[in-house]
Amino acid sequence: MPTRRRGLILDFGGVLTTRMRLNGQAFERSEGRNPGEYFAALNENPEGVAIYAALEVGKATQEDWNRVIGGILGIDPTNLMQRALANLHPEPQIVAVAKRARAAGIKVAMLSSSFGIEPYNP
């Protein structure tokens, strides 16, 4: 007997939106950074890893993240989160799937770690 689906849970960054890797590469180009430099700041630099983890669980603000990541990259931290996510756009195929699921009576939700909403609401 087929199982009836009751819910669809989707992540935000990289699922409902452009893949994070593509967004990050576009950010590196727009800021004149070397390829991989942004990702190293987030995933390899101990300060970057710590502030990103803290941001995702609400223990750090965007301003904290902007300051730390801007310092690691040696760039202006003003509105850094907004600049870093500027190429993050809805992924049309996934949005269409979510709409079809919802129209079929399936509850649709987004469950994601947090970037915060101030000063920039992604």
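Begin by selecting helix α2, where N23, G24, A26, F27 and E28 are buried; buried here means under 20% relative accessible area, exposed over 50% and partly exposed in between, computed with a 1.4 Å probe on protein chains only. What covers these buried residues of α2 includes α3, α5 and α6. The helices and strands named on this tour are DSSP runs, H or I of at least four residues for helices and E of at least two for strands, numbered from the N terminus. The model is a predicted one, in which local features need pLDDT of at least 70 and side-chain atom pairs count only at pLDDT 80 or more, while totals for chains, interfaces and linings use all residues. Residues are numbered from 1 along each chain as its sequence is written, and side-chain values use heavy atoms, with hydrogens and water left out.

Stay in α2 and centre the view on N23, which belongs to this helix and counts as buried because its relative accessibility is 1%. Its side chain reaches the backbone nitrogen of N87 at 3.1 Å, a polar contact in the sense of N or O atoms within 3.5 Å, where within protein one must be able to donate a hydrogen and the other to accept it, and where residues adjacent in sequence count only if both atoms are side-chain atoms. If you set aside the neighbours within four places in sequence, N23 is in contact with T18, A84, L85, A86, N87 and L88, contact meaning heavy atoms within 4.5 Å. At the other end of your selection, α2 is followed by G32, whose phi is positive, near 70 degrees.

Next, show the aromatic side chains F27, Y38 and F39, which form one aromatic cluster. Rings of Phe, Tyr and Trp (for Trp, its six-membered ring) pair if their centres lie within 6.5 Å, with planes under 30 degrees apart counted as stacked, over 60 as edge-to-face and the rest as tilted; by this rule there are two aromatic pairs.

Select R83 and E31, whose side chains meet in a salt bridge at 2.7 Å, N to O. This pair links distant parts of the chain, since R83 is in helix α6 (residues 80-84) and E31 is in the loop between α2 (20-30) and α3 (37-43), 52 residues apart. R83 is partly exposed at 23% relative accessibility, and E31 is partly exposed at 21%.

Move to R33 and E37, which form another salt bridge with the closest N and O atoms 3.1 Å apart; R33 is partly exposed, with a relative accessible area of 22%, and E37 is partly exposed at 23%. Then select R67 and D64, joined by a salt bridge at 3.1 Å, N to O. R67 and D64 are three residues apart in helix α5 (residues 62-73), so about one helical turn separates them. In this pair R67 counts as exposed at 53% relative accessibility, whereas D64 is partly exposed at 23%.

Now turn to helix α4 (residues 46-56), whose buried residues are G48, I51, Y52, A54 and L55. Seen down the axis of α4, these buried residues fall within an arc of 165 degrees, so they line one face of the helix; the arc is that of the directions from the helix axis to the C-beta atoms. They pack against α3, α5 and α6. At the start of α4, a side-chain oxygen of N45 reaches to within 2.8 Å of the backbone nitrogen of E47, and just after the helix G58 takes a positive phi of about 80 degrees.

Leaving aside neighbours within four places in sequence, I72 is in contact with A41, N45, E47 and G48.

Finally, zoom out to the whole chain, which has seven helices and two strands in the order β-α-α-α-α-α-α-α-β. Buried residues make up 32% of its 122 residues.

Note on methods: Salt bridge = Lys/Arg side-chain N within 4 Å of Asp/Glu carboxyl O.
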